[in-house]
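This report describes selected strand, helix and ligand-shell features of the structure shown below.

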Amino acid sequence: GRCPDGWRTFRCGCYYLSDSGATWSVSRQDCKDRGADLVIINSREEQVFLNQFGRNIYFWIGLTDSEKEGIWKWVDGTTPITSQYWREGEPNNANGVENCAAFNSFNNNAEIIESWNDQPCSLTIYCVCKYTLKMPCQ
Ligand code: 2F8
Ligand code: CA
């Protein structure tokens, strides 16, 4: 299989960058309606791939600590996470209201791949959806 028009391909994954902003939950539902879910980042290579999506744009990823403060879980329920790419000083739960993780690209400094920040889930920003192709995919 291959990824549809409008989706980007990395290994066996298909990735969709939304063209409008929405809260974390609305974004997640939008991904589900597209047969996907908010992106789960499984490797450094995937983190670097996502870093190329844009210059200084925020988008939701499938990571939240809404269930229990400080316990970050991917949308597939997995925890602890194997790879984490928080920006320096993050996650900081600023004002006690930041339970959803966003990705901020740093194309202006490719050496810094740490890009995650926890933000209020009610913030309206872009999102990246992902689904995995069935093998054979390449
Ligand atoms: O300095 C990092 C800090 O910046 C902002 O707060 C001032 C972000 N807030 C929002 O995005 C709403 C914090 O998440 C971030 O930690
Ligand atoms: Ca934060």
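## Pairing of β2 with β8

In this predicted model, Tyr16 has Cys129 in β8 as its bridge partner. The two strands concerned, β2 and β8 (residues 126–132), run antiparallel and are joined by five bridges.

One of the bridge pairs is formed by Phe10 and Gly13, the latter in β2.

Together β1 and β2 make a hairpin in which two residues separate the strands. Within the turn, Arg11 adopts a positive phi of about 50°.

## Helix α1 and its buried face

Helix α1 spans residues 24–33, and its buried residues are Trp24, Ser27, Arg28 and Cys31. Viewed down the axis of α1, these buried residues lie within an arc of 100°, so they line one face of the helix. In general, an α-helix has 3.6 residues a turn, so residues three or four places apart point the same way.

The elements covering the buried residues of α1 include β3 (37–38), β4 (58–64), β6 (100–104) and β8. Just after α1, Gly35 has a positive phi of about 75°.

Which residues are around ligand 1? They are Glu90, Asn92, Ala94, Glu98, Asn117, Asp118, Gln119 and Pro120. Classified by type, this shell comprises three charged, three polar and two nonpolar residues.

Definitions and conventions:
Residues are numbered from 1 along each chain as its sequence is written. Chains are lettered from A and ligands numbered from 1 in the order in which they are written. This is a predicted model: local features need pLDDT of at least 70, side-chain atom pairs count only at pLDDT 80 or more; totals for chains, interfaces and linings use all residues. Two strands pair if DSSP finds at least two bridges between them. Helices (H or I, at least four residues) and strands (E, at least two) are DSSP runs, numbered from the N terminus. A residue is buried if 20 or more other C-beta atoms lie within 10 Å of its own, exposed if 12 or fewer, and partly exposed in between; C-beta atoms are placed from the backbone. The arc is that of the directions from the helix axis to the C-beta atoms. Two residues are in contact if their C-beta atoms, placed from the backbone, lie within 7 Å. A residue is near a molecule or strand if its C-beta atom, placed from the backbone, lies within 6 Å of it. Ala, Val, Leu, Ile, Met, Phe, Trp, Tyr, Cys and Pro count as nonpolar, Asp, Glu, Lys and Arg as charged, and the others, Gly among them, as polar.
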